[in-house]
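This report describes selected features of one structure. Please consult the sequence and the model shown here while reading.

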Amino acid sequence: MYAWVWRHLPGPWPVRTLIAMAFVAAIVVLLFTTVFPWAEDSLPFLKVTVDQ
Amino acid sequence: MIRTAVRGTGELLITAGLVVLLFVAYQLVWTNYEAHKATDSVASDLRDSWDRPNPSGAGPAAARGPKKVDFGKGFAFLHIPRLGKNWTIPVVEGVDLPDLAKGVGHYPKTAQPGAIGNFAVAGHRATNGEPFAYLDKVRKGDLVVAETRTEWFTYVIDRTKIVSPTSTWVLDPVPGKPSAKPVQALLTLTTCNPRWASYQRLIVFGHLQETRAKADGPPTVLLRPTRSA
């Protein structure tokens, strides 16, 4: 999978490294801003209220 | 072909593991960082708004705190000396997750601080700022102060109790007596129990001991916090 991505990135290796790092950074930002806050809702230790 | 499939599966599993680790880091570090930032901003906004002259129409009735507060907006401070010498946190309206990420949350249908009835507040015990991480250290006789724009309300803790998550009776104006007419100003704090689970709730009950005008300075307990058991 990662080898396939690497082969399909354009340019010489320094450029590919930069693009790959940008991809990773974008995914981390997406996780922290969207996916994790959504997943957090089901965590047990965030349930601190008595049901109203 | 098989080798490619195995390698691909392995890479996916390692990626999934990294995402889970990242989620743990997010919960344990990032949510606390974000919550502390949000809490500081709510606290300074509230102090600033108190420093400004009272909005028009605010008379003695408004002294007990605003009647209608926007969800997620701070309207009071809670001080619990047992949890630390200068332990203080803004109380925001509402107990949904976005509200609780900014401080501790006031159950919307319960009494205002110092008012007759039950002033009920929920707070996180693990992650997201975890204000009530050590709420289990609070015990009978401890003093808890609710600070509003105009007053200090000092509550004394009567008891703590572990209840089921559906025990809404703890929010009653007179906890456990749904039809009773409240005559006393009470305090109820709720959080999860055990700290990293959700199958119980830790409840702390108290009643109002002293009301003090802001102009008279903070109550003694905030000046010289008691360390005794």
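## A kinked helix in chain A

Helix 2 of chain A has a kink of about 45 degrees, centred on A:Leu31; the bend at a residue is the angle between axes fitted to the seven residues ending there and the seven starting there. Helices (H or I, at least four residues) and strands (E, at least two) are DSSP runs, numbered from the N terminus.

This is a predicted model, in which local features need pLDDT of at least 70, side-chain atom pairs count only at pLDDT 80 or more, and totals for chains, interfaces and linings use all residues. Residues are numbered from 1 along each chain as its sequence is written, while chains are lettered from A and ligands numbered from 1 in the order in which they are written.

None of the 28 residues of helix 2 of chain A is buried, so this helix lies largely in the open. A residue is buried if 20 or more other C-beta atoms lie within 10 Å of its own, exposed if 12 or fewer, and partly exposed in between, with C-beta atoms placed from the backbone.

## Contact between the chains

Chain B gives 32 residues to the contact and chain A gives 17 residues; two residues are in contact if their C-beta atoms, placed from the backbone, lie within 7 Å. On the side of chain B that touches chain A, helix 1 of chain B supplies the largest share, eight residues.

## Backbone features of chain B

A cis peptide bond, with omega about -10 degrees, links B:Asn193 to B:Pro194.

B:Thr127 is not a glycine, yet its phi is positive, about 65 degrees. B:Thr127 is buried, since 21 other C-beta atoms lie within 10 Å.
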